[in-house]
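This report is written for someone meeting the structure for the first time. It turns to aromatic rings and then to a pair of helices.

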Amino acid sequence: MIDQKQCEIDIEKVENTKIHDVDFDKLDFGRKFTDHMFYCDFIDDEWQQPKIVPYQAMTIEPSARVLHYGQAVFEGMKAYKDTDGNAFLFRPEDNHRRINISAARLAIPEFPKDYFMKGLTTLIEMDKDWIKSGDGNSLYIRPFVFAIEPAISAAPAEAYRFMIICSPAKAYYTDKVRVIFAEEYSRSANGGVGFAKAAGNYAAQFYPTRLAQQKGYQQVIWTDANTHEYLEEAGTMNIFFRINDTLVTAPISDRILDGITRKSIIQLAEDNNIPVEVRRVKVSEIKEASRNGSLKEIFGTGTAAVISAISAFEHGNEVFEIPDMENAYADLLKKKLVNIQQNQSVDKYGWRYEIK
Ligand SMILES: *Cc1c(COP(=O)(O)O)cnc(C)c1O
């Protein structure tokens with residue numbers, strides 16, 4: 001156990017903030033970073049002194065194992081500010097739990113909870129001015145850990161760096177997205193790493209996603225690798241289908257990531273008398289539902305976009321359009337979730353975490 005005293009962070013502050021160089025009305029997602037970053041190295045079987053320093057480039061050796069074997073995992077989370085200037089995280093302990101679940105699968109040592117929470121809250125407190133209040137504004141937070149040991153034999157590293165960097169963000173994917181249901185490529189397999197936020201999972205999606213984009217679609221909805229008959233998730237988002245008035249989403253598994261937005265949306269839907277079925281969903285069922293008019297909505301859920309509505313899907317060279325609808329669950333549930341995140345409504349779940 002690491003006690004709180006040992007968890008004092010070494011802090012080096014910037015001399016001058018860069019915040020005045022940033023146009024907060026024109027932010028490309030994930031390109032600007034706040035003044036500071038957190039890091040902590042794992043050496044000699046121990047996490048060393050955690051540090052917060054000015055955001056900067058760093059050096060690693062060309063033989064660092066991450067560059068050869070992809071031993072790296074990450075998290076994505078957000079901080080929000082209410083209209084009084086108070087800053088909040090959303091379910092941060094779940095991100096801590098999940099990065100360690102991901103880490104364990106990649107043979108990376110777990111990062112202690114008090115280091116994680118203290119590093120995170122100290123960093124956010126220092127860069128609090130970078131969080132803007134108002135609709136859709138947030139600070140995107142990226143914790144990650146990777147193998148830095150300089151050695152290229154194919155084995156788990158003995159040295160790692162854990163880091164947190166932060167990037168101011170505006171609302172993401174405002175337009176509805178058009179997607180392809182995967183028929184050839186797969187994102188994850190039984191017994192694989194699909195449930196982990198492993199860096200390599202995303203690299204493996206870039207090529208098939210680019211092929212989809214060349215056909216005019218923004219994303220791929222992944223199907224099960226065995227049969228391509230069941231719909232699983234979108235690769236950075238979990239996926240929900242509204243059939244008549246019921247929401248249906250696939251159960252999490254070793255191929256599907258346990259999204260924090262997904263489980264929050266399930267809870268909010270149930271508490272608002274929206275029936276939810278967590279079960280496997282067949283491609284043929286969704287095509288049939290689209291043909292007979294019972295498919296009302298498809299949307300993805302994830303930290304970056306919160307909820308992203310889907311307006312069409314392609315499968316078997318056939319395109320299925322999903323007409324716009326009034327009182328969409330996507331809008332209703334997004335509003336309920338964002339109101340909790342931004343301290344605009346009562347949080348009976350204890351999901352908000354105030355940074356003081
Ligand atoms: C991060 C991620 C999600 C969404 O998870 P949230 O906790 O809701 O942000 C869904 N699927 C994959 C593969 C992901 O990496």
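## Two buried phenylalanines

F144 is buried, and F146 is buried as well, where buried means under 20% relative accessible area, exposed means over 50% and partly exposed lies in between, with a 1.4 Å probe and protein chains only. The model is a predicted one, in which local features need pLDDT of at least 70 and side-chain atom pairs count only at pLDDT 80 or more, while totals for chains, interfaces and linings use all residues. Residues are numbered from 1 along each chain as its sequence is written, and side-chain values use heavy atoms, with hydrogens and water left out.

## Aromatic pairs

Rings of Phe, Tyr and Trp (for Trp, its six-membered ring) pair if their centres lie within 6.5 Å, and planes under 30 degrees apart count as stacked, over 60 as edge-to-face and the rest as tilted. By this rule the count comes to 19 aromatic pairs. One of them joins F29 and Y140, which are edge-to-face, with 5.1 Å from centre to centre and 70° between the planes. This pair links distant parts of the chain, since F29 sits in the loop between β1 (10-11) and β2 (36-43) and Y140 in strand β8 (residues 138-147), 111 residues apart; strands here are DSSP runs of E with at least two residues, helices are runs of H or I with at least four, and both are numbered from the N terminus.

F29 is partly exposed, with a relative accessible area of 32%, whereas Y140 is buried, with a relative accessible area of 10%. The rings of F144 and F146 have centres 5.8 Å apart and planes at 15°, so this pair is stacked. Ring pairs also link F38, F42, W47, F111, Y115, F116, Y160 and F162 into a cluster.

## Helices α2 and α3

Helix α2 (residues 92-105) packs with helix α3 (residues 113-126) at an angle of about 130°, and their axes are 10 Å apart. The two helices are therefore oblique to each other, as angles under 35 degrees count as roughly parallel, over 145 as roughly antiparallel, 65 to 115 as roughly perpendicular and the rest as oblique.

On the α2 side, P92, E93, N95, H96 and I99 meet K113, F116, M117 and L120 of α3, contact being heavy atoms within 4.5 Å. By class, this contact has five nonpolar, two polar and two charged residues.

## R97

R97 lies in helix α2 and is partly exposed, with a relative accessible area of 48%. From C-alpha to C-alpha, R97 and E110 are 9.4 Å apart in space, and they are 13 residues apart in sequence.

How values were computed. Axes fitted to C-alpha atoms, helices over the stretch in contact; angles between N-to-C directions. Nonpolar A, V, L, I, M, F, W, Y, C, P; charged D, E, K, R; others polar.
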